[in-house]
Amino acid sequence: MKLERLPLQFLPTFIIAARLENLRAAAQQVHLTHGAVSQQIRQLEQALGYRLFERRGRGVRLNGAGRELLAAAEPALQALEQGILRARAVDAGQGLRISVLPSFAHYWLLPRLPAFQAAHPDIVLDIDASLAVQDLAHHGFDAAIRIGAGEWRGVQAQRIADGEVIPVATPALAQRWQTALLQGDEGLPLLEHDVTPWRAWFRARGMAESGRPLALFNDAGLLLRAAEQGFGIALVKSLLARDMLAAGRLVALADAWRPEGIDYYLVWPQANDNPAVQRLLAWLQQQL
């Protein structure tokens, strides 16, 4: 069936009725009569050509076809509602949709959003936090913050920060660090990110590996959170740990080390001419 022939206006009522499996309760939620809800469901079924509910006396139960439609319709309607809200925000100002890593969003960007808003009150940021490397043009992003060597096809890239890393720990664990290294303590708990393994850090400093690998994380934010909770000693990006170090919740245990190919970049589609991207770039360079 072609989408233009589907009575889309009945989908919100269907979704509520499908969740509740009770037309009278659904009618109360959508502020319609029981008869009006029944009529909308019948019209939707007639347009589709198959039943969505099994009628049992005065009650209804969602059938297999109804469950399939609910699984597709509910997230689609939620996405449409979110899109409408984003469009409203863009209409009220200059919209900028960006993709960022969750760790960068949580530990660096969010605490500094008030400063960005104060500097650029007319720009409405639409932030999508994801570990995935998004296809910017295909998914409608104006820009993204990525980690790498600056070589991505189809985008322009500008480095905004070094990717240096440092070992950090809570003050309590920090007291064990120097003694443990000198004595080769194999019991020292080590936490690491899959991009920056401890063995590379020890090798770069000309030291024999020591300590006990305790956990491996694919998200730098979780790694940093584990270190803050005293779970172990973590090798983390200096940029992400900056606020925790300043607050004394974590202690730096050695000088920063800069591996190759893990710097921070702002990237944007080559064909993108949104002036807000350049304003974001200038603000990031100033802050970083």
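Analyst: Two strands count as paired if DSSP finds at least two bridges between them. Helices (H or I, at least four residues) and strands (E, at least two) are DSSP runs, numbered from the N terminus. The model is predicted: local features need pLDDT of at least 70, and side-chain atom pairs count only at pLDDT 80 or more, while totals for chains, interfaces and linings use all residues. Residues are numbered from 1 along each chain as its sequence is written, and side-chain values use heavy atoms, with hydrogens and water left out.

User: How many bridges join E5 to strand E12?
Analyst: E5 covers residues 143–148, and E12 covers residues 263–269.

User: Which residue in E5 is the bridge partner of Ile98?
Analyst: Strand E3 spans residues 94–100 and runs parallel to E5, with 2 bridges joining them. The partner of Ile98 in E5 is Ala143.

User: How many of the residues of strand E5 are buried?
Analyst: Buried means under 20% relative accessible area, exposed means over 50%, and partly exposed lies in between (1.4 Å probe, protein chains only). E5 is mostly covered. The count of buried residues in E5 is 5 of 6.

User: Is Phe10 buried or exposed?
Analyst: Phe10 sits in the segment before helix H1 (11–20). Leaving aside residues up to four places away in sequence, Phe10 touches Gln40, Gln43 and Leu44, where a contact means heavy atoms within 4.5 Å. Because its relative accessible area is 10%, Phe10 is classed as buried.

User: What distance separates the C-alpha atoms of Phe10 and Asp135?
Analyst: Phe10 and Asp135 are 125 residues apart along the chain. Their C-alpha atoms are separated by 34 Å.

User: What radius of gyration does the protein have?
Analyst: The radius is taken over C-alpha atoms, and the globule rule is 2.2 Å times the number of residues to the power 0.38. For 288 residues, a compact globule would come out near 19 Å. The C-alpha atoms fill a box of roughly 80 × 45 × 35 Å along the principal axes. The protein has a radius of gyration of 26 Å.

User: What share of the 288 residues is buried?
Analyst: The whole protein has 11 helices and 12 strands. Buried residues make up a share of 43%.
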